[in-house]
Amino acid sequence: MKDVSIDTITQAFLDYCGPDTDPRTLFVLRKMVEHMHAFAKETELTHAEWMRGLKFLTDAGQISDDERNEFVLISDVTGMSSLVDMLGSRHEGTSSSVLGPFHSVGAPHLPVGGDLKKDNEGATVLVEGVVKGTDGQQIEGAVIELWQTAENGLYYSQDTGQGDFNLCCSMTTGTDGRYAMTTVKPAPYKVPDDGPVGELFRATGREPWRPSHLHFIVQAEGYRALVTEVFANGDPYLDQDAVFGVREDLIMDYIECTDLDALPDDLQIGRNATVPYYKVNFDFVLAPEAAQTPT
Ligand code: BEZ
Ligand code: FE
């Protein structure tokens with residue numbers, strides 16, 4: 001019989017694991033349990049506090065369904081999503097950032113220069129740039145997906161007033177690696193705060209806001225897929241993003257312009273932008289598929 005004590009319980013957990021356990025699984029589990037046990041000892045965790053934590057997780061399970069995953073949100077607002085993401089993408093390319101829950105597969109394809117704004121309220125924003133490798137070489141045939149909120153801070157899937165795939169598109173770069181689209185300025189918005197994560201925010205005096213951003217996925221053969229976001233310089237929530245997604249190289253100026261003749265010639269919207277319009281220039285730098293993540 002094992003004489004389990006405060007001092008031996010961590011080793012007892014390890015001793016109970018079978019010899020055929022996959023080594024990486026065993027390593028990750030061992031570290032997790034070591035840290036959990038150390039956490040309980042360090043905080044002198046009470047039974048009531050542990051039960052409160054378990055209720056938090058139970059509530060997260062109960063509010064989750066096919067559309068909503070509160071566990072992913074917990075991972076996001078505790079910084080775990082961003083931390084794991086940063087650990088897995090230490091390379092010379094553009095920084096990655098959180099995917100979030102509002103990406104939809106199958107967005108309509110737009111030609112380079114296409115218009116996403118259509119009837120959406122708000123100032124026109126021209127987003128353009130080049131997809132290139134870390135060697136500076138422009139990448140032909142890169143596929144870019146963009147999705148964003150409307151001016152009211154809602155994604156189409158949250159808002160019955162917007163049509164399917166409103167403000168979502170995919171686009172393929174030509175020989176020069178260039179992409180360009182006209183759209184509207186996205187707005188800051190709150191992550192869902194009507195569940196356990198909201199309780200966490202209120203208990204800790206935290207804000208549920210995310211700074212306004214454009215979401216992108218960029219993929220090209222031979223390169224690591226990039227999931228990222230582009231933020232607007234000057235946004236009031238840049239320094240307190242609820243999900244820790246902001247990186248220095250992802251903050252862009254929305255340059256105010258009034259000269260319609262300065263718009264590129266290949267835009268679907270032609271010279272019909274509202275004035276002032278804004279320009280966001282952002283190049284995506286993809287790391288080669290083989291780029292090693294240092295450990
Ligand atoms: C988003 O940017 O869409 C998002 C990311 C994480 C949690 C909630 C929303
Ligand atoms: Fe978002």
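Modeller: Leu54 is partly exposed, because its relative accessible area is 32%, and on this scale buried means under 20%, exposed over 50%, and partly exposed in between (1.4 Å probe, protein chains only). This is a predicted model, in which local features need pLDDT of at least 70 and side-chain atom pairs count only at pLDDT 80 or more, while totals for chains, interfaces and linings use all residues. Residues are numbered from 1 along each chain as its sequence is written, chains are lettered from A and ligands numbered from 1 in the order in which they are written, and side-chain values use heavy atoms, with hydrogens and water left out.

Leu54 is found in helix H3; helices (H or I, at least four residues) and strands (E, at least two) are DSSP runs, numbered from the N terminus. Leu54 is one of the residues of a nonpolar patch on the surface, together with Leu29, Met32, Met36, Phe39, Trp50, Met51, Leu57 and Phe71. Patches are made of residues with over 30% relative accessible area and no salt bridge; like charges are joined within 9 Å, and nonpolar side chains (Val, Leu, Ile, Met, Phe, Trp, Tyr) within 5 Å. The accessible area of this patch is about 800 Å² together, by the Shrake-Rupley method with a 1.4 Å probe, where for residues only the protein chains shown count as cover. Helix H2 (23-43) and helix H3 (47-63) each supply at least two residues of the patch.

Now the salt bridges. Side chains of opposite charge can pair when their charged atoms come close. The structure holds 13 salt bridges, each a side-chain nitrogen of Lys or Arg within 4 Å of a carboxyl oxygen of Asp or Glu. Arg30, Lys31 and Glu34 are linked in a network of them.

Glu128 pairs with Arg178, with the closest N and O atoms 3.0 Å apart. Glu128 lies in strand E2 (residues 124-133) and Arg178 in strand E5 (residues 178-184), so this pair ties together parts that are 50 residues apart in sequence. Both residues, Glu128 and Arg178, are buried.

Arg178 also forms a salt bridge with Asp266, at 2.6 Å between the closest N and O atoms. Asp266 lies in the loop between strand E11 (255-257) and strand E12 (277-281), so its pairing with Arg178 in strand E5 ties together parts 88 residues apart in sequence. Asp266 counts as partly exposed because its relative accessibility is 36%, whereas Arg178 counts as buried at 17%.
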